Amino acid sequence: EGCRVEGVEEGDVHLIKTTQGFIKAQHLVYATHVPPGVNILHFRNAPYRSYASAVKLKDGEYPQALGYDLFDPYHYYRSQKVGDEEYLIVGGEDHKTGHIDNTDQCFRNLEAHVLKHFGANEVIYKWSSQYFVPTDGLPYIGHLPGNKENVYTATGFNGNGMTLGTISGKVISDLIVTGESKYKDLFKPSRIKPVAGFVDFIKEAADVTARFIGDKISVSKIKELADLAPGEAKVVKYEGSTIALYKDEMSNLHAVNSACTHIKCTVGWNSSEKTWDCPCHGSRFSPDGVMLNAPARKDLEKIDLTKL
(Lines give C-alpha, C1' and ligand atoms only; values in the text may rest on other atoms or scores of the structure.)
Protein backbone atom coordinates (compact mmCIF):
# COMPACT_ATOMS: atom_id res chain seq x y z
CA GLU A 1 0.00 0.00 0.00
CA GLY A 2 1.32 3.43 -0.94
CA CYS A 3 3.88 1.81 -3.24
CA ARG A 4 3.24 2.18 -6.96
CA VAL A 5 4.82 -0.10 -9.56
CA GLU A 6 6.40 1.98 -12.32
CA GLY A 7 7.93 -0.70 -14.52
CA VAL A 8 8.94 -4.36 -14.79
CA GLU A 9 11.93 -6.08 -16.38
CA GLU A 10 10.72 -9.65 -16.85
CA GLY A 11 13.13 -12.58 -16.53
CA ASP A 12 13.77 -15.76 -14.59
CA VAL A 13 13.92 -13.28 -11.72
CA HIS A 14 11.80 -10.18 -12.30
CA LEU A 15 13.12 -6.72 -11.47
CA ILE A 16 10.24 -4.50 -10.43
CA LYS A 17 10.70 -0.74 -10.19
CA THR A 18 8.46 0.96 -7.61
CA THR A 19 8.10 4.36 -6.02
CA GLN A 20 9.89 2.93 -2.97
CA GLY A 21 12.77 1.17 -4.65
CA PHE A 22 13.38 -2.05 -6.56
CA ILE A 23 11.91 -5.47 -5.79
CA LYS A 24 13.16 -8.82 -7.11
CA ALA A 25 10.73 -11.72 -7.45
CA GLN A 26 10.59 -15.13 -9.10
CA HIS A 27 6.88 -14.76 -9.84
CA LEU A 28 4.77 -11.76 -10.82
CA VAL A 29 0.97 -11.43 -10.61
CA TYR A 30 -0.95 -8.61 -12.31
CA ALA A 31 -4.08 -8.21 -10.15
CA THR A 32 -4.82 -4.74 -11.52
CA HIS A 33 -8.31 -4.96 -13.09
CA VAL A 34 -6.60 -5.63 -16.43
CA PRO A 35 -2.86 -6.07 -17.08
CA PRO A 36 -0.96 -2.96 -18.23
CA GLY A 37 0.36 -2.52 -21.74
CA VAL A 38 -1.37 -4.10 -24.75
CA ASN A 39 -2.57 -7.67 -24.32
CA ILE A 40 -5.19 -9.97 -25.84
CA LEU A 41 -7.16 -9.74 -22.58
CA HIS A 42 -7.89 -6.09 -23.31
CA PHE A 43 -10.06 -7.30 -26.20
CA ARG A 44 -11.78 -9.94 -24.06
CA ASN A 45 -12.88 -7.65 -21.23
CA ALA A 46 -15.31 -4.74 -21.42
CA PRO A 47 -14.96 -1.92 -18.83
CA TYR A 48 -18.10 -0.87 -16.93
CA ARG A 49 -18.80 1.77 -14.29
CA SER A 50 -21.13 1.31 -11.34
CA TYR A 51 -22.50 3.97 -8.98
CA ALA A 52 -23.14 3.76 -5.24
CA SER A 53 -24.55 5.88 -2.42
CA ALA A 54 -24.52 5.46 1.35
CA VAL A 55 -27.77 6.79 2.85
CA LYS A 56 -29.46 7.17 6.23
CA LEU A 57 -32.97 5.71 6.51
CA LYS A 58 -35.76 7.64 8.20
CA ASP A 59 -37.15 4.62 10.07
CA GLY A 60 -33.74 3.27 11.10
CA GLU A 61 -34.70 -0.20 9.83
CA TYR A 62 -31.62 -1.35 7.93
CA PRO A 63 -31.98 -4.67 6.06
CA GLN A 64 -29.53 -7.29 7.29
CA ALA A 65 -28.97 -8.85 3.91
CA LEU A 66 -27.18 -8.48 0.60
CA GLY A 67 -29.68 -8.18 -2.22
CA TYR A 68 -29.95 -7.56 -5.96
CA ASP A 69 -32.91 -6.87 -8.20
CA LEU A 70 -33.35 -8.18 -11.75
CA PHE A 71 -34.19 -4.96 -13.55
CA ASP A 72 -32.24 -3.09 -16.22
CA PRO A 73 -30.49 -1.07 -14.99
CA TYR A 74 -30.21 -3.31 -11.95
CA HIS A 75 -29.55 -2.28 -8.34
CA TYR A 76 -27.89 -3.90 -5.34
CA TYR A 77 -28.25 -3.27 -1.62
CA ARG A 78 -26.57 -3.96 1.71
CA SER A 79 -26.24 -2.33 5.13
CA GLN A 80 -22.93 -1.23 6.61
CA LYS A 81 -21.95 -0.10 10.10
CA VAL A 82 -19.18 2.46 10.56
CA GLY A 83 -18.57 2.93 14.27
CA ASP A 84 -21.95 3.56 15.82
CA GLU A 85 -23.52 4.73 12.57
CA GLU A 86 -25.37 2.44 10.17
CA TYR A 87 -25.94 3.12 6.49
CA LEU A 88 -27.75 1.54 3.59
CA ILE A 89 -25.48 1.21 0.56
CA VAL A 90 -27.37 1.22 -2.71
CA GLY A 91 -25.58 0.72 -6.02
CA GLY A 92 -26.32 0.28 -9.69
CA GLU A 93 -27.05 2.38 -12.80
CA ASP A 94 -24.14 0.54 -14.48
CA HIS A 95 -23.01 1.39 -17.99
CA LYS A 96 -20.03 0.84 -20.23
CA THR A 97 -17.18 3.18 -19.42
CA GLY A 98 -17.09 6.24 -21.64
CA HIS A 99 -20.56 5.64 -23.12
CA ILE A 100 -22.37 8.24 -20.98
CA ASP A 101 -21.12 11.83 -20.69
CA ASN A 102 -23.63 13.07 -18.11
CA THR A 103 -22.67 10.71 -15.30
CA ASP A 104 -24.22 13.12 -12.79
CA GLN A 105 -27.55 11.80 -14.02
CA CYS A 106 -26.54 8.29 -12.94
CA PHE A 107 -26.19 9.53 -9.36
CA ARG A 108 -29.51 11.40 -9.60
CA ASN A 109 -31.25 8.26 -10.89
CA LEU A 110 -29.79 6.29 -8.01
CA GLU A 111 -30.91 8.86 -5.46
CA ALA A 112 -34.45 8.86 -6.91
CA HIS A 113 -34.51 5.06 -6.65
CA VAL A 114 -33.47 5.19 -2.99
CA LEU A 115 -36.03 7.84 -2.09
CA LYS A 116 -38.82 5.92 -3.82
CA HIS A 117 -38.16 2.52 -2.29
CA PHE A 118 -36.42 3.09 1.05
CA GLY A 119 -37.48 6.45 2.47
CA ALA A 120 -33.95 7.73 2.74
CA ASN A 121 -33.21 10.71 4.95
CA GLU A 122 -30.16 11.98 3.07
CA VAL A 123 -27.25 10.81 0.94
CA ILE A 124 -24.12 10.86 3.09
CA TYR A 125 -21.56 9.49 0.60
CA LYS A 126 -21.52 8.71 -3.09
CA TRP A 127 -18.90 7.23 -5.39
CA SER A 128 -18.41 5.13 -8.50
CA SER A 129 -16.21 2.16 -9.33
CA GLN A 130 -14.98 0.31 -12.37
CA TYR A 131 -15.07 -3.39 -13.16
CA PHE A 132 -14.41 -5.55 -16.19
CA VAL A 133 -16.86 -7.96 -17.82
CA PRO A 134 -15.29 -11.02 -19.51
CA THR A 135 -16.65 -12.09 -22.87
CA ASP A 136 -17.90 -15.49 -21.71
CA GLY A 137 -18.80 -14.69 -18.10
CA LEU A 138 -15.81 -16.42 -16.49
CA PRO A 139 -12.71 -14.63 -15.18
CA TYR A 140 -9.22 -15.03 -16.63
CA ILE A 141 -6.94 -16.51 -13.94
CA GLY A 142 -3.51 -17.95 -14.64
CA HIS A 143 -0.54 -17.41 -16.94
CA LEU A 144 -0.65 -14.06 -18.75
CA PRO A 145 -0.59 -14.79 -22.52
CA GLY A 146 2.42 -13.41 -24.36
CA ASN A 147 4.57 -13.17 -21.22
CA LYS A 148 7.07 -15.44 -19.50
CA GLU A 149 5.68 -18.53 -17.76
CA ASN A 150 6.27 -16.98 -14.33
CA VAL A 151 3.92 -14.03 -15.03
CA TYR A 152 0.27 -14.40 -14.02
CA THR A 153 -2.93 -12.38 -14.12
CA ALA A 154 -6.34 -12.29 -12.48
CA THR A 155 -8.95 -10.23 -14.33
CA GLY A 156 -12.53 -10.21 -15.58
CA PHE A 157 -14.19 -10.37 -12.16
CA ASN A 158 -17.48 -8.88 -13.45
CA GLY A 159 -18.09 -7.01 -10.19
CA ASN A 160 -17.69 -10.14 -8.04
CA GLY A 161 -14.24 -9.41 -6.67
CA MET A 162 -14.68 -10.82 -3.18
CA THR A 163 -15.56 -14.25 -4.56
CA LEU A 164 -13.36 -14.36 -7.64
CA GLY A 165 -10.43 -12.66 -5.90
CA THR A 166 -10.45 -15.50 -3.36
CA ILE A 167 -10.59 -18.09 -6.15
CA SER A 168 -7.71 -16.30 -7.92
CA GLY A 169 -5.55 -16.46 -4.81
CA LYS A 170 -6.11 -20.21 -4.60
CA VAL A 171 -5.59 -20.93 -8.31
CA ILE A 172 -2.47 -18.80 -8.75
CA SER A 173 -0.83 -19.95 -5.53
CA ASP A 174 -1.39 -23.57 -6.62
CA LEU A 175 0.14 -22.83 -10.03
CA ILE A 176 3.19 -21.19 -8.43
CA VAL A 177 3.75 -23.86 -5.77
CA THR A 178 2.81 -27.05 -7.66
CA GLY A 179 2.50 -26.00 -11.31
CA GLU A 180 -1.08 -27.31 -11.43
CA SER A 181 -4.61 -26.40 -10.36
CA LYS A 182 -7.84 -28.30 -10.93
CA TYR A 183 -9.33 -25.01 -12.20
CA LYS A 184 -6.40 -24.25 -14.52
CA ASP A 185 -8.17 -25.01 -17.81
CA LEU A 186 -11.51 -23.55 -16.75
CA PHE A 187 -10.07 -20.08 -16.06
CA LYS A 188 -7.12 -20.24 -18.46
CA PRO A 189 -6.51 -16.69 -19.83
CA SER A 190 -5.33 -18.03 -23.19
CA ARG A 191 -8.49 -20.05 -23.84
CA ILE A 192 -9.48 -19.45 -27.44
CA LYS A 193 -13.04 -20.70 -27.52
CA PRO A 194 -15.25 -18.89 -25.02
CA VAL A 195 -16.65 -21.31 -22.44
CA ALA A 196 -20.11 -19.79 -22.76
CA GLY A 197 -21.95 -16.79 -24.21
CA PHE A 198 -20.36 -16.74 -27.65
CA VAL A 199 -22.94 -14.19 -28.85
CA ASP A 200 -21.88 -11.83 -26.06
CA PHE A 201 -18.25 -12.40 -27.02
CA ILE A 202 -18.94 -11.19 -30.56
CA LYS A 203 -21.06 -8.28 -29.34
CA GLU A 204 -18.44 -7.01 -26.90
CA ALA A 205 -15.60 -7.39 -29.40
CA ALA A 206 -17.60 -5.55 -32.05
CA ASP A 207 -18.37 -2.74 -29.63
CA VAL A 208 -14.71 -2.21 -28.78
CA THR A 209 -13.82 -2.22 -32.47
CA ALA A 210 -16.62 0.23 -33.25
CA ARG A 211 -15.44 2.62 -30.57
CA PHE A 212 -11.86 2.31 -31.79
CA ILE A 213 -12.79 3.19 -35.37
CA GLY A 214 -16.08 5.07 -35.07
CA ASP A 215 -14.93 7.67 -32.57
CA LYS A 216 -12.30 8.83 -35.01
CA ILE A 217 -15.05 9.50 -37.53
CA SER A 218 -17.59 11.09 -35.20
CA VAL A 219 -15.23 13.68 -33.74
CA SER A 220 -14.16 14.74 -37.22
CA LYS A 221 -17.72 16.00 -37.82
CA ILE A 222 -17.27 18.75 -35.21
CA LYS A 223 -16.30 21.75 -37.31
CA GLU A 224 -15.41 24.39 -34.75
CA LEU A 225 -14.49 24.85 -31.12
CA ALA A 226 -17.59 24.46 -28.95
CA ASP A 227 -18.56 27.03 -26.32
CA LEU A 228 -18.07 25.53 -22.88
CA ALA A 229 -19.43 26.62 -19.53
CA PRO A 230 -17.08 26.42 -16.50
CA GLY A 231 -16.81 22.78 -15.40
CA GLU A 232 -17.75 21.42 -18.83
CA ALA A 233 -15.64 19.41 -21.28
CA LYS A 234 -15.90 18.07 -24.79
CA VAL A 235 -13.88 16.38 -27.53
CA VAL A 236 -13.71 18.88 -30.40
CA LYS A 237 -12.20 19.28 -33.85
CA TYR A 238 -10.33 22.53 -34.27
CA GLU A 239 -8.31 23.46 -37.36
CA GLY A 240 -7.22 19.93 -38.05
CA SER A 241 -6.48 18.92 -34.47
CA THR A 242 -8.64 16.66 -32.29
CA ILE A 243 -8.69 18.00 -28.77
CA ALA A 244 -10.09 16.88 -25.42
CA LEU A 245 -10.98 20.29 -24.00
CA TYR A 246 -11.94 21.13 -20.41
CA LYS A 247 -12.85 24.54 -18.93
CA ASP A 248 -12.26 24.69 -15.17
CA GLU A 249 -14.30 26.69 -12.66
CA MET A 250 -12.00 29.70 -13.20
CA SER A 251 -12.70 29.52 -16.96
CA ASN A 252 -9.16 28.35 -17.72
CA LEU A 253 -8.96 25.98 -20.69
CA HIS A 254 -7.10 22.65 -20.40
CA ALA A 255 -6.43 20.87 -23.68
CA VAL A 256 -4.99 17.38 -24.28
CA ASN A 257 -4.78 14.97 -27.17
CA SER A 258 -8.02 12.92 -27.14
CA ALA A 259 -6.23 9.69 -28.13
CA CYS A 260 -5.80 7.35 -25.16
CA THR A 261 -2.13 6.45 -24.75
CA HIS A 262 -3.04 2.75 -24.57
CA ILE A 263 -4.12 1.98 -28.17
CA LYS A 264 -5.41 5.40 -29.28
CA CYS A 265 -9.17 5.07 -28.67
CA THR A 266 -10.84 8.46 -28.22
CA VAL A 267 -11.57 9.29 -24.58
CA GLY A 268 -14.96 10.51 -23.33
CA TRP A 269 -15.80 12.96 -20.55
CA ASN A 270 -17.07 11.75 -17.15
CA SER A 271 -18.95 14.78 -15.81
CA SER A 272 -19.52 13.60 -12.22
CA GLU A 273 -15.88 12.78 -11.51
CA LYS A 274 -14.31 15.14 -14.02
CA THR A 275 -12.15 12.56 -15.73
CA TRP A 276 -11.41 11.53 -19.31
CA ASP A 277 -12.42 7.85 -19.59
CA CYS A 278 -11.44 5.46 -22.37
CA PRO A 279 -14.44 3.46 -23.66
CA CYS A 280 -12.31 0.66 -25.08
CA HIS A 281 -10.31 -0.61 -22.11
CA GLY A 282 -11.10 1.61 -19.14
CA SER A 283 -8.02 3.82 -18.81
CA ARG A 284 -8.84 7.09 -17.03
CA PHE A 285 -7.15 10.49 -16.96
CA SER A 286 -7.51 13.76 -15.03
CA PRO A 287 -8.88 16.87 -16.82
CA ASP A 288 -5.33 17.90 -17.72
CA GLY A 289 -4.40 14.42 -18.92
CA VAL A 290 -2.61 12.82 -15.94
CA MET A 291 -3.05 9.03 -16.02
CA LEU A 292 -5.25 7.74 -13.19
CA ASN A 293 -6.04 4.15 -14.23
CA ALA A 294 -4.28 1.51 -16.34
CA PRO A 295 -3.98 -0.20 -18.79
CA ALA A 296 -2.56 3.06 -20.18
CA ARG A 297 0.89 3.79 -18.79
CA LYS A 298 1.41 7.38 -19.94
CA ASP A 299 -0.39 10.69 -19.55
CA LEU A 300 -2.43 12.18 -22.39
CA GLU A 301 -0.36 14.56 -24.51
CA LYS A 302 -0.90 18.17 -23.47
CA ILE A 303 -1.77 20.65 -26.20
CA ASP A 304 -0.79 24.31 -26.14
CA LEU A 305 -3.82 26.10 -27.57
CA THR A 306 -1.79 29.23 -28.28
CA LYS A 307 0.17 27.29 -30.90
CA LEU A 308 -2.85 26.08 -32.84
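**Rings and strands in a predicted model**

Me: Which residue lies over the face of Tyr-87?
Reply: Lys-56 does, at 4.9 Å from the ring centre. A charge counts as over a ring if NZ of Lys or CZ of Arg is within 6 Å of the centre and within 35 degrees of the ring normal. This is a predicted model, in which local features need pLDDT of at least 70, side-chain atom pairs need 80 or more, and totals for chains, interfaces and linings use all residues. Residues are numbered from 1 along each chain as its sequence is written, and side-chain values use heavy atoms, without hydrogens or water.

Me: How many aromatic pairs are there?
Reply: The structure holds nine (ring centres of Phe, Tyr or Trp, its six-membered ring, within 6.5 Å; planes under 30 degrees apart are stacked, over 60 edge-to-face, the rest tilted). Tyr-87 and Tyr-125 form an edge-to-face pair, 5.9 Å centre to centre with 65° between the planes.

Me: Where are those two in the chain?
Reply: Tyr-87 is in strand 8 (residues 85-96) and Tyr-125 in strand 9 (residues 120-134), 38 residues apart. Strands are DSSP runs of E, at least two residues, numbered from the N terminus.

Me: New topic: what is the strand order in the open sheet?
Reply: The five strands run 6-7-8-5-9 with antiparallel pairing, where a pair needs at least two DSSP bridges. Strand 5 (residues 45-57) and strand 9 are joined by 13 bridges.

How values were computed:
Helix = DSSP H or I, 4+ residues; strand = E, 2+ residues; numbered from the N terminus.
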